Amino acid sequence: MFLKYFNNFLFLSLIIALFWLFNLPLANAENLVNRVNNYPNWTNKINLPAPVTEIIYPEWFAGDWQLTNILIEQIAPLAPNFKTPGFDNNAIYLNQKITFPVKFTKTVLTNNETNFLPKKINQNTVIIADRLFNSQSISRAYMGADNIKSIEINPLNSTEQITTFQENNQLISSVIGRQQQNISPNEFLTSELTRQFFRRVGNIYINFVETTTKYHLIDDNSIEADQFTAIYLSPQDPNYFSAFDQPVALYKYKLILQKDKGQ
């Protein structure tokens with residue numbers, strides 16, 4: 001039973017932080033453009049600024065959407081010498097359409113530096129993801145509602161999410177780096193680095209997940225994106241010195257967001 005949850009955790013960790021992104025100055029933009037253009041020839045773990053604010057999205061994200069997530073490629077750069085646990089099992093998702101609802105809402109964010117929330121932005125509304133709803137939706141789509149006991153955002157640190165599975169196994173996801181660039185009114189790039197803990201009695205597994213995404217507004221009712229995800233071993237992993245900061249698994253996705261009818 002543990003192996004089932006462990007393999008599912010490894011795949012879930014690739015997509016559970018999909019919407020944790022925020023704006024940074026254009027000075028950092030070229031790095032992300034190069035990152036996308038160089039995929040899959042990534043040889044190092046990305047270096048991103050530490051998160052200091054909540055996620056802010058372009059105005060055209062506002063509303064309720066149906067998101068279709070399609071895994072179109074997976075690569076094990078160190079194979080056949082090394083593959084991550086569950087890598088081969090994830091092949092069942094190749095070219096499969098996984099669809100679930102997501103929400104992005106307008107709000108006015110107030111000062112709350114302890115919780116890493118941004119300062120009020122000229123009293124104007126901004127677009128943020130309904131992170132709890134979206135995380136629940138993603139998790140249920142990939143693992144089934146019966147396998148998820150609870151999902152919580154740490155009230156003392158909004159960059160941390162705790163997912164508790166049946167039998168009280170836990171996935172603790174902590175965003176440790178974020179960056180975003182607006183390329184044009186219809187395109188922007190985002191990247192984040194998340195530290196993942198899978199915890200059960202007597203056992204902890206740790207890795208790092210990079211998610212770099214290029215979004216494109218098609219029209220008022222549709223958004224598409226190419227998303228590139230890399231898995232890195234932690235220094236505590238016995239295989240770390242075989243990989244160092246090289247990715248040990250790479251995944252490419254196609255994301256399609258369609259506005260819910262009636263909006």
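Pro-40 sits in the loop between α2 (29-38) and β1. Here helices (H or I, at least four residues) and strands (E, at least two) are DSSP runs, numbered from the N terminus. The peptide bond from Tyr-39 to Pro-40 is cis, with omega near 5 degrees. A cis bond also joins Ala-79 and Pro-80, with omega about 5 degrees. Pro-80 belongs to the loop between β1 and β2.

This is a predicted model: local features need pLDDT of at least 70, side-chain atom pairs count only at pLDDT 80 or more, and totals for chains, interfaces and linings use all residues. Residues are numbered from 1 along each chain as its sequence is written, and side-chain values use heavy atoms, with hydrogens and water left out.

Now the overall plan. The protein chain has 4 helices and 10 strands. Along the sequence they follow the pattern α-α-β-β-β-α-β-β-β-β-β-β-α-β. Of the 263 residues, 52% count as buried. Buried means under 20% relative accessible area, exposed over 50%, and partly exposed in between (1.4 Å probe, protein chains only). Contact means heavy atoms within 4.5 Å. Among contacts between residues at least 6 apart in sequence, 67% join residues at least 24 apart.

How are the strands arranged? The 10 strands form an open sheet, in the order β3-β2-β1-β10-β9-β8-β7-β6-β5-β4, with antiparallel pairing. The edge strands are β3 (126-129) and β4 (148-153), and each pairs on one side only. Two strands pair if DSSP finds at least two bridges between them. From one strand to the next, the twist averages 25 degrees. Axes are lines fitted to C-alpha atoms, for helices over the stretch in contact, and angles run from 0 to 180 degrees between N-to-C directions.

Take β1 (residues 63-75) and β10 (residues 249-259). They pair in the antiparallel sense over 10 bridges. Asn-69 has Leu-255 in β10 as its bridge partner.

Helix α3 packs on this sheet. It touches β1, β2 (97-107), β3, β4 and β5 (160-165), and its direction makes about 175 degrees with that of β2. α3 (residues 131-143) has 13 residues and reaches 18 Å from its first C-alpha to its last, close to the 18 Å expected at 1.5 Å a residue. The expected span is 1.5 Å times one less than the number of residues. Several α3 residues are buried, including Arg-131, Asn-134, Ile-138 and Tyr-142. After α3 comes Gly-144, whose phi is positive, near 90 degrees.

Next, β5. Because 6 of its 6 residues are buried, β5 is largely enclosed by the rest of the structure. In a regular strand the side chains alternate between the two faces of the sheet. Glu-160, Ile-162 and Thr-164 point one way from β5, and Gln-161, Thr-163 and Phe-165 point the other way. On one side, 5 bridges join β4 to β5 in antiparallel fashion. Ser-150 stands opposite Thr-164 there. β4 and β5 form a hairpin with 6 residues between them. β5 also pairs with β6 (residues 170-184), antiparallel, over 5 bridges. Ile-162 has Ile-172 in β6 as its bridge partner.

β5 and β6 form a hairpin too, with 4 residues between them. Which backbone values stand out in that loop? Most residues other than glycine have a negative phi, and most peptide bonds are trans. Glu-167 has a positive phi of about 70 degrees although it is not a glycine. Asn-168, in the loop between β5 and β6, has a positive phi of about 65 degrees. Asn-168 is partly exposed, at 48% relative accessible area.

Finally, the rings. Rings of Phe, Tyr and Trp (its six-membered ring) pair if their centres lie within 6.5 Å; planes under 30 degrees apart count as stacked, over 60 as edge-to-face and the rest as tilted. The count comes to 18 aromatic pairs. Tyr-39 and Trp-42 form an edge-to-face pair, 5.5 Å centre to centre, with 80 degrees between the planes. Tyr-39 counts as buried at 11% relative accessibility, and Trp-42 is buried at 5%. Ring pairs also link Tyr-57, Trp-60, Phe-61, Phe-104, Phe-188 and Tyr-215 into a cluster.

Charges meet rings as well. A charge sits over a ring if NZ of Lys or CZ of Arg is within 6 Å of the ring centre and within 35 degrees of the ring normal. The charged end of Arg-35 sits over the ring of Trp-42, 4.3 Å from its centre. Lys-45 lies over the face of Phe-208, at 4.1 Å from the ring centre.
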